[in-house]
Amino acid sequence: MPPAKPLPLNFSVVDKKHWPLWEIFIRSRQGLSHRHVGSLHAADAEMAVENARDVYTRRQEGASIWVVPADSITASSPDERDLLFDPANDKVYRHPTFYDLPDEVKHM
Amino acid sequence: MEMDLLQHFDAYVAAEKKIEPKDWMPDAYRKTLVRQISQHAHSEIVGMLPEGNWISRAPSLKRKAILMAKVQDEAGHGLYLYSACETLGVERDDLIADLHSGKAKYSSIFNYPTLTWADMGAIGWLVDGAAIMNQVPLCKCSYGPYARAMVRVCKEESFHQRQGFQIMLTLANGTEEQKAMAQDALNRWWWPSLMMFGPPDDNSPNSAQSMAWNIKRFSNDELRQKFVDLTVPQAELLGLTLPDPDLTWNEETGHYDFGEIDWSEFQRVISGHGPCNKERLETRRNAWDNGAWVREAAQAHAEKRAARRDAAGETAAA
Amino acid sequence: MNARFEYLLRLGDDALILGQQLGLWTGHGPVLEEDIALTNIGLDQIGQARAWLTMAGRAEHAGRDEDALAFHRNPEEFRCAQLCQQANGHFGDTIARQFLFDAYAVPLHAALTKSSDDEIAAIARKSAKESAYHLRHSRVWMVRLGDGTEESHAKVQESLDRLLPYVGDLFVGDDVAEAAAREGWGVNPATLRDAWESELDDMLAESGLHRPEAVPEQIGGRRGIHTEKLSYLLAEMQVLPRTYPDAQW
């Protein structure tokens, strides 16, 4: 999709103190990378880790937790999607299927 | 320009592709999602109360643990959903304020009282059953964060309906008093459960647009019929009677016909005049208000600690 | 006297009464995340209660299982510490009660992992992990509330002042406790007091809270002498099995 223009919402944003938002990443078991699972609110990092444990790993889904303040994440902008990701479109030589091998070569 | 975007958006969504938080989306799509996801989140949170009412009186330690875990899951589900909703640029605290002011709605089923232990069975079996039927299609909803939250929710919910059915089964096979308790709970929860699917299709103003946007995949009446068809044999298995004299198998349609739903009751409860509306909201408001000093304290401590750390850092640097 | 039965009842009843009370927070916490956390701790307590009471039932040799012991004993037959019976009150009261208990449970479970009885050691190993986590949670909240705002500091200091006199039961070193230590399957909780005191001092130093003036301790839970609250608490908890004694649930 094309990018968003900053859209004013018709929701009142009251100037009050919220616990900041944290993005949660969980390594479900050793050998896998951390994966984004969602977010939660916490007053500090320590609380964010504890809360993440209770909220996102109630069924033994976790071996390790990362918490990152949501406002510390710098994201690529959706309007740069073409710019960033299209150039890889024509570099099919990066993929193994680009290379035809004689049938005799079974595993490579 | 706006027109192009809209056409592009509609085509994109129609092709079953996902919208992610920072993508362009029509204002109405965003608002529909915020309304639906926050209502859904509120329902999970208010929905903790009727069942929470029996945690202290669960009749065995095993049942107590199961019920606590179940109600806790609902808090988790509320949290996943608020978190999905926040990706649309709203703050959870503001959504909660809308709930507390009565501006936001939640599922009307939770405005009914839980009078006996059998209600824990009926809620798990019928209310969670109806909820799952509504929720499974949402796992494929066009908005990525909502769909992902629903995948998580549905995965965890599968035990909820089973534990409810198992409570009913135990009661239905128990003493005469227990069996009567189960029948009474079924009598009270059956019709409100059918109302959970929302107004009939010919009177559901937002449905068409939500279907076009792949937020909603099946109509209210379709899901309701599916629920009835699945539940009737389960009630038979329990040896309990569904409180609907018009309920009959229709050979022609291959579905169960069922009686008229009392939509005036639905309207009454939705507009705030159910048996427990005031109590439920008041309970939520109290929990929130009584917790204000705790939230402030945690915030103040975090700030003080950060300041102390900065000061220590500066001293060390100097 | 069946020391083993008595001892296991004490372990089970503390966990049961705390679990029962923590369950009341479900749906009423100050913030959603904390609601989930308190319920988790409550679930751990119920789990521990079930394990200890099941074992107590076997030690008694009278055919009572966890539910018979939880739901069909009268208040004076309970062996929980009076600390565990103190009301939930506000969040600070619950956290302070939990902290005072956790600071005892951690060295208790650690010591019980060395029990000569394999089953006790196994339950203790599982419980030790849980109580270590509970202590971390309650301790960090004591610090947050103690250090947080003027209001939170005053509130939690008051909680501490009110609850401290009730910790005495936890460290009672009576015949039962001595038998447990002598026979090697248990630990005399009187030996845990030093560890508990230093955990408390450590928390006080970090939170800015202070130790109230020493007051006489209320002791009696281990002998079945309880607070007024316990019989209400049990009446609520036991209502269904008592009303329908023949029913299975």
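Helix H5 of chain B supplies four residues to the lining of the largest cavity, which is the largest share. The model described here is predicted, and a search of the whole structure finds four cavities of 30 Å³ or more.

**The largest cavity**
- The volume of the largest cavity is about 110 Å³, and 14 residues line it, with B:Ile45, B:Ile96, B:Arg284, B:Trp288 and C:Leu32 lying nearest its centre.
- At least two lining residues come from each of three helices, namely H5 (92-101) and H12 (277-290) of chain B and H2 (32-60) of chain C.
- By residue class, the lining of the largest cavity consists of nine nonpolar, three charged and two polar residues.

**C:Arg139**
- Helix H6 of chain C, which covers residues 118-147, contains C:Arg139.
- Leaving aside residues up to four places away in sequence, C:Arg139 touches C:Phe99, C:Glu199, C:Asp202, C:Met203 and C:Glu206.

**B:Ala41**
- When residues up to four places away in sequence are not counted, B:Ala41 touches B:Gly78, B:Leu81 and B:Tyr82.
- From C-alpha to C-alpha, B:Ala41 and B:Glu91 are 13 Å apart in space, while in sequence they are 50 residues apart.

Note on methods:
Residues numbered from 1 in each chain as written. Chains lettered and ligands numbered in written order. Predicted model: local features only at pLDDT ≥ 70, side-chain atom pairs only at ≥ 80, totals over all residues. Heavy atoms only, no water. 1 Å grid on protein atoms, 1.4 Å probe; cavity = no way out; pocket = protein on both sides within 12 Å on 5 of 7 lines; lining within 4 Å. Points joined across faces, edges and corners; volume = space filled by probe spheres on them. Nonpolar A, V, L, I, M, F, W, Y, C, P; charged D, E, K, R; others polar. Contact = heavy atoms within 4.5 Å.
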